[in-house]
Amino acid sequence: MTLSEEKEEPERIPWDEYWMNIVNDVSTRSTCLRRQIGALVVKNDVIISTGYNGAPRGFPHCLDVGCRRDKMNIASGERHEECVGVHAEQNALLQAGRDAEGATLYVNAFPCKICAKLIINAGIKRVVISGEYSDREGLEYLEKAGITLTFI
């Protein structure tokens, strides 16, 4: 076999796509009946933490007891305080702690305004998003804070 006949190495997927694939896997652990959201904090191409949405530790899961917001006919993106669940971004930031500073957060939906404030205070520098969410105000908060937003 000559050099010109050698097989070319397969192309590797870009980092953002690689991390978002992991986010989608993480989201499958969600116990929310409405949306399965995953989040991933990455720093220097190393996973710092993961998170998915679901009930706080020790609470019954919505999968088991039903969705409080559905029972109250609350639309998506409204009255977050009525949801017993902890958002994926919140769980990932809690697990990351101070290691989140300067990191990138990957998530498969727009962060809500509550999560956006936590992302800003955690020192996240970039948020990579696939998917959408009805509450777009969180995106405005992130932009105002100078956080780089990438949509894939």
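**Exercise 1. How far is the sulfur of cysteine 112 from the closest cysteine sulfur, and which cysteine holds that closest sulfur?**

Let's work through it on this predicted model.

- Step 1: The closest cysteine sulfur to that of cysteine 112 is in cysteine 115, 3.8 Å away.
- Step 2: A disulfide needs the two sulfur atoms within 2.5 Å, so 3.8 Å is too far for a bond.
- Step 3: Now try cysteine 67, which is in no disulfide either: its nearest cysteine sulfur, that of cysteine 62, is 5.6 Å away.
- Step 4: The tally for the structure is 0 disulfides.
- Step 5: As for accessibility, cysteine 112 is buried at a relative accessible area of 2%, and cysteine 67 is buried at 8%.

**Exercise 2. Find the side of helix H1 that holds its buried residues, and say what they pack against.**

- Step 1: H1 runs over residues 15-27 and spans 18 Å from its first C-alpha to its last, close to the 18 Å expected.
- Step 2: List its buried residues: Asp16, Trp19, Met20, Val23, Val26 and Ser27.
- Step 3: Because these residues cover an arc of only 110 degrees around the axis, they sit on the same side of H1.
- Step 4: Their packing partners are the strands S1, S2, S3, S4 and S5.

**Exercise 3. Pick out the residues that touch the most other members of the largest nonpolar core.**

- Step 1: This core has 26 residues, and the ones to pick are Val41, Leu105, Ile119, Ile124 and Val127.
- Step 2: Strands S1, S3 and S4 and helices H4, H5 and H6 each supply at least two residues of this core.
- Step 3: Apart from it lies another core, of 7 residues, including Trp19 and Met20.
- Step 4: Zoom in on isoleucine 124: among the residues it touches are Val41, Leu105 and Ile119.

Note on methods:
Residues numbered from 1 in each chain as written. Predicted model: local features only at pLDDT ≥ 70, side-chain atom pairs only at ≥ 80, totals over all residues. Heavy atoms only, no water. Core = buried A, V, L, I, M, F, W, Y, C linked by side-chain atoms within 4.5 Å. Buried < 20%, exposed > 50% of the residue type's maximum accessible area, 1.4 Å probe, protein only. Helix = DSSP H or I, 4+ residues; strand = E, 2+ residues; numbered from the N terminus. Contact = heavy atoms within 4.5 Å. Expected span 1.5 Å × (residues − 1). Arc of directions from axis to C-beta. Lists of a residue's contacts leave out its neighbours within four places in sequence.
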